[in-house]
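Here is a brisk report on one protein model. Please look over the sequence and the fold before reading on.

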Amino acid sequence: MVASVELKRYTKIIILGLIWESTVGIFCRGKSTELEVFSVSECDSVDSNHFANSDNLNYSEINSKRVSLDRWNLTSQKLIDSFPLDPIKENYVRQVRDCIFSAVQPEPFTSAVKLVAVSKEVVEDLLDLDLSITETKEFIRFVSGAQILPGSVPLTHRYGGHQFGIWAGQLGDGRAHLLGAYTNRHGTRWELQLKGSGKTPYSRDGDGRAVLRSSVREFLCSEALNYLGIPTTRAASLVVSNDDVKRDQFYNGHVRNEKGAIVLRVAKSWFRFGSLEILAYSGETELLRKLVDFIIKLHFPLINVTSSNRYLEFFSQVVTDTSYLIAQWMSVGFAHGVCNTDNFSVLSITLDYGPFGFMDFYDPNFVPNTSDDESRYKIGNQANVGRYNLDKLRNALKSLLNPKQQLLTEHILKGYPDLYQTKLMELFRAKLGLIGHDNNDDYLIAYLLKEYWAIQDLARHKKFSYWIKLYLSRLNRNKLDTDEARKTRMENLNVIISFKGVNPRYILRNWMAESAIKKSERNDFSEVRFLKKILRHPFNKQTEAEDAGYSSRPPSWATELRVSCSS
């Protein structure tokens, strides 16, 4: 009988082993994985033994990957041919009109540059480059902005945005340079962008640089979310210099010198809601039409670009995909931190990692960004902010729509809460091993979340027994399910084959990133590389990660950590 004493005991053990204190960073069990260790490579001195190449899992044969950047086809031509460029060639801060991009060269660092971390998966699988190429001076010069490859015309993107609920006007790539696009052997087009590579017309009062601490966080988190199965930009490399970058980290008058760094970021597109907003606010309707048509043709193949309803279909798809993305964030306790419209991708991928954070325990009021004084972007408000941002996108599209279509966009947006809730419940049912749909599932899951249970305290909680009864009753309604099948689903045993799971054992908590950053500031990048490898397999138990405490309760000092917009 399902509700037998023995099964209750068994179920309690399973739940205790699977429900993590954030309610979403959930334990699993799996085989340990061996870790690759990457060494530091310097621009002026490259050791041929720097980078190990022992893990060939899912990689193409060596002869399909280039060992040189010669004739590696990086090009900016599609963007240049499709849109008018800023006619002003000088690089100074200004208001820009009637264009999508300005052509601007990156500013190389003046001091020696070190390549301190790379993503083998991005380099080899997305960019068709053999890992050995990262040992070369040519590669390090390329990813630090010191060398522009043939075919590349560095571009900086003009966009605007609503920041903390207020229209901020022109923003743009203030410290990023789009180097061009590469189409790999699978026919997938990837755009390469340097972040932290110098001033542009959109730098406003900034210096065009990114500091080491924020660059480490972006490098690690973009790769970590990818392996959690969440759509995101990717990070190919991280370089650091000895150039001083002055920052007042917490805006309290304590300015200090920090090390400058550059991340080579990779995405299918860098267009965001603000890309359309700036054109709508400036009255550049035909350029707006051209941009949206370009985005549809290149990235939304199921939409007929000649259809009179194409913008309606485009908006509908972005609404759906954005709702799913935020539900996925919530399923792992991820708070973006700065959910401005300029940080929301039209492809619904996680974009622009700033003061993000993963919850250490479940708290809907969790705010990862100390600059967010009003808690606008607390984790419990992310879904609402997503709807707000989609409404701003809807307004940006108005000039392309007839009155009937405008009304239909309002109807589409009204469906957003149901889309989000449906996806969120789907994800949490999977976490609890539930099959199918039950009308009481929302209550079962909400009841669990609102109690703020932690794994060490779960069995002792006064309402645990009541929740267990609800859970057992729900399981009993799946007559064809078995304990063993459910245990397999919840323990992610299929992850060995599919690389997809529902209950991650490791997520990038702030204390883990902070530990790696502190070592990096002392020129020790071993933990950055170690974390990169651990987070590549978030569902698999790894001995080295257990020894490092990555699945344990966060240390007491973690409660004092603060992350701000300063980067």
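## Basis

This is a predicted model: local features need pLDDT of at least 70, side-chain atom pairs count only at pLDDT 80 or more, and totals for chains, interfaces and linings use all residues. Residues are numbered from 1 along each chain as its sequence is written, and side-chain values use heavy atoms, without hydrogens or water.

## Nonpolar cores

A nonpolar core is a set of buried Ala, Val, Leu, Ile, Met, Phe, Trp, Tyr and Cys residues joined through side-chain atoms within 4.5 Å. Buried means under 20% relative accessible area, exposed over 50%, partly exposed in between (1.4 Å probe, protein chains only). The largest core has 114 residues. Leu-276, Phe-314, Phe-358 and Leu-508 have the most contacts inside it. Helix α8 (residues 310–331) gives the most to this core, with 11 residues. A second, separate core has 29 residues, including Leu-126 and Val-239.

Phe-314 has contacts (heavy atoms within 4.5 Å) beyond its neighbours within four places in sequence. Among them are Leu-276, Val-292, Phe-300 and Leu-397.

## Helix α8

Helices (H or I, at least four residues) and strands (E, at least two) are DSSP runs, numbered from the N terminus. In α8, 17 of the 22 residues are buried, so the helix is largely enclosed by the rest of the structure. The expected span of a helix is 1.5 Å times one less than its number of residues. For α8 that gives 32 Å, and its end C-alpha atoms are 32 Å apart, which agrees. Gly-333 follows α8, with a positive phi near 70°.

## Asn-343

Asn-343 is found in the loop between β12 (334–335) and β13 (357–358). Is Asn-343 buried or exposed? Asn-343 is buried, with a relative accessible area of 10%. Its side chain reaches the backbone oxygen of Val-338 at 2.9 Å. Leaving out residues up to four places away in sequence, Asn-343 touches Arg-272, His-336, Val-338, Leu-351 and Asp-352.

## Aromatic rings

Rings of Phe, Tyr and Trp (its six-membered ring) pair if their centres lie within 6.5 Å; planes under 30 degrees apart count as stacked, over 60 as edge-to-face and the rest as tilted. The structure holds 21 aromatic pairs. Phe-271 and Phe-294 pair edge-to-face, 6.3 Å centre to centre with 90° between the planes. Both Phe-271 and Phe-294 are buried.

Key
A polar contact is a pair of N or O atoms within 3.5 Å; within protein, one must be able to donate a hydrogen and the other to accept it, and residues adjacent in sequence count only if both atoms are side-chain atoms.
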